[in-house]
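Keep the sequence and the 3D view side by side while reading.

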Amino acid sequence: MVTSLHIPRLVVAAPSSGSGKTTVATGLMAAFSERGLAVSPHKAGPDYIDPGYHALATGRPGRNLDAFMCGPELVAPLFAHGASGCDLALVEGVMGLYDGAAGRGELASTAQVAKLLRAPVVLVVDASSQSRSVAALVHGFASFDPQVRLGGVILNKVGSDRHEVMLREALEEAGMPVLGVLRRAPQVAAPSRHLGLVPVAERRADALSSVAALADQVRAGCDLEALMALARTAPALECEPWSPERALTPRDVAAPPAPAAAGSGPRPVIAVAGGAAFTFSYAEHAELLTAAGAEVVTFDPLRDEALPDGTTGLVIGGGFPEVYAPELAANAPLRKAVAAFAETGGPVAAECAGLLYLARSLDGKPMCGVLDADARMSERLTLGYREAVAVSDSALAVTGTRLRGHEFHRTVIEPGAGSAPAWGFTHPERRVEGFVRRGVHASYLHTHWAAEPSVARRFAEAAARAR
């Protein structure tokens, strides 16, 4: 049912990466949450790490809005699902405001997300090396697409009082409101490494301190009242909120589908890898599995020596096993348990980090040995959207199932595909990738199951049969 969602909302964007979007967005989320508001955090694009900081700032799951992986038609419904019952929604953009999928125009850009959500945009500008030129920069971003409503600017990395005066004067001439001014503050920066920020799960105590410092900085430097007033100018959003139960219902059936385990005893237990080494997941995946009749239980491959009791399905998502290879290798009891589960044909869905964990070795350290392949760190960054088609029947998908996904890693696995590959990539390059073996589906490709809920239903059904 299409409803009118009346929720104040803002998109926090920037001219380019590195301008301070995460600093400002996370600080705003924390500052407004400290005022007692229920803040719904969102991230444009496929990134897993920033939503962890958003969740820490708000106490709610950080959710992604990716128009490439899920399609533009799902952006507003997924937003409405996450923002239901909230007082304010904040969306952190990706890259520069108008940057999106390569060669696809505005697709998957922050600008497209802002238009789909009918949300005003706040532009975070790194002003460290400019003064009056900031007005020309902002004017260009404001006028490039008339359908994108740029409501104001937050100036980041301002050097002095005099610098601030020059910037404000220039933007006043351009008629653009200044909604905040932040000085250089290295003490609130989160540490980074080869794939971006260090995830919250690896530095929770320090991350809490960083988020609190961001809230202090934003509260002192930004006009929260003006920002909230701008958020309230967002018109009603007309859409049907996404729900996992409705997503699993076949289009020609009115009632929700029966749970995968209906009428056959306890629900199947699907164990999902977590902890510091496996931090990449989308909240909707667990919601879909639960709606499909499964009990979702988290375990930590760094600490737990056995799979959760009654495990009949195993999901090992993305993360940083390369950082924790010695510790993962040292947990031989769990590696053996995973190998034994896979050997019996139990359904296993592994993405990127999960693929490495199932290999024989990672940087010379023994892993689970489920796959006849070895992985290692590389100097080359593999990054980008992919269009894929399933080329082998598996616990996740039947041959011919089409999905869009994302690759993001600095590792290689040899061989890159098994005798039964997981995916055939159709764009931007043609190649096969990944492994299907018994119940195992392992690949570098990150996917968003809300785009193809049949994946979650099929996996839950496989877990129910394995029970």
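At what angle do the axes of helix α1 and helix α2 cross? The axes of α1 (residues 21-34) and α2 (residues 49-58) cross at roughly 20° and come within 8 Å. α1 is therefore roughly parallel to α2, a label given to angles under 35 degrees, while over 145 is roughly antiparallel, 65 to 115 roughly perpendicular and the rest oblique. The axes are lines fitted to C-alpha atoms, for helices over the stretch in contact, and angles between N-to-C directions run from 0 to 180 degrees.

This is a predicted model, in which local features need pLDDT of at least 70 and side-chain atom pairs count only at pLDDT 80 or more, whereas totals for chains, interfaces and linings use all residues. Residues are numbered from 1 along each chain as its sequence is written, and side-chain values use heavy atoms, with hydrogens and water left out. Helices (H or I, at least four residues) and strands (E, at least two) are DSSP runs numbered from the N terminus.

Which residues bring α1 and α2 into contact? On α1 they are Thr-22, Thr-26, Met-29, Ala-30 and Ser-33, and on α2 they are Asp-50, Tyr-53, His-54, Ala-57 and Thr-58. Contact means heavy atoms within 4.5 Å. Sorted by class, this contact has 4 nonpolar, 5 polar and 1 charged residues. Here Ala, Val, Leu, Ile, Met, Phe, Trp, Tyr, Cys and Pro count as nonpolar, Asp, Glu, Lys and Arg as charged, and the others, Gly among them, as polar.

α1 also packs with helix α8 (residues 224-231), at an angle of about 95° and with the axes 12 Å apart. α1 is therefore roughly perpendicular to α8. Leu-28, Ala-31 and Phe-32 of α1 meet Leu-224, Leu-227 and Met-228 of α8. This contact has 6 nonpolar residues, no polar and no charged ones.

In the largest nonpolar core, which has 120 residues, Leu-28, Phe-79, Leu-117, Leu-155 and Leu-227 touch the most other members. A nonpolar core is a set of buried Ala, Val, Leu, Ile, Met, Phe, Trp, Tyr and Cys residues joined through side-chain atoms within 4.5 Å. Buried means under 20% relative accessible area, exposed over 50%, and partly exposed in between (1.4 Å probe, protein chains only). Apart from neighbours within four places in sequence, Leu-28 contacts Val-12, Leu-90, Ile-154, Val-218, Leu-224 and Leu-227. A second, separate core of 38 residues includes Ala-325, Leu-334, Leu-355 and Tyr-444. In soluble globular proteins, nonpolar side chains tend to be buried together.

The backbone comes next. Most residues other than glycine have a negative phi, and most peptide bonds are trans. Arg-118, however, has a positive phi, near 50°; this residue lies in the loop between α4 (110-117) and β6 (121-126). Lys-157, in strand β7 (residues 150-158), has a positive phi near 60°. Arg-118 counts as partly exposed because its relative accessibility is 43%, and Lys-157 is also partly exposed, at 30%.

Where are the cis peptide bonds? One joins Glu-414 and Pro-415, with omega about -5°, and Pro-415 sits in the loop between β19 (402-414) and β20 (423-427). Another runs from His-427 to Pro-428, with omega near 5°, and Pro-428 is in the loop between β20 and β21 (431-433).
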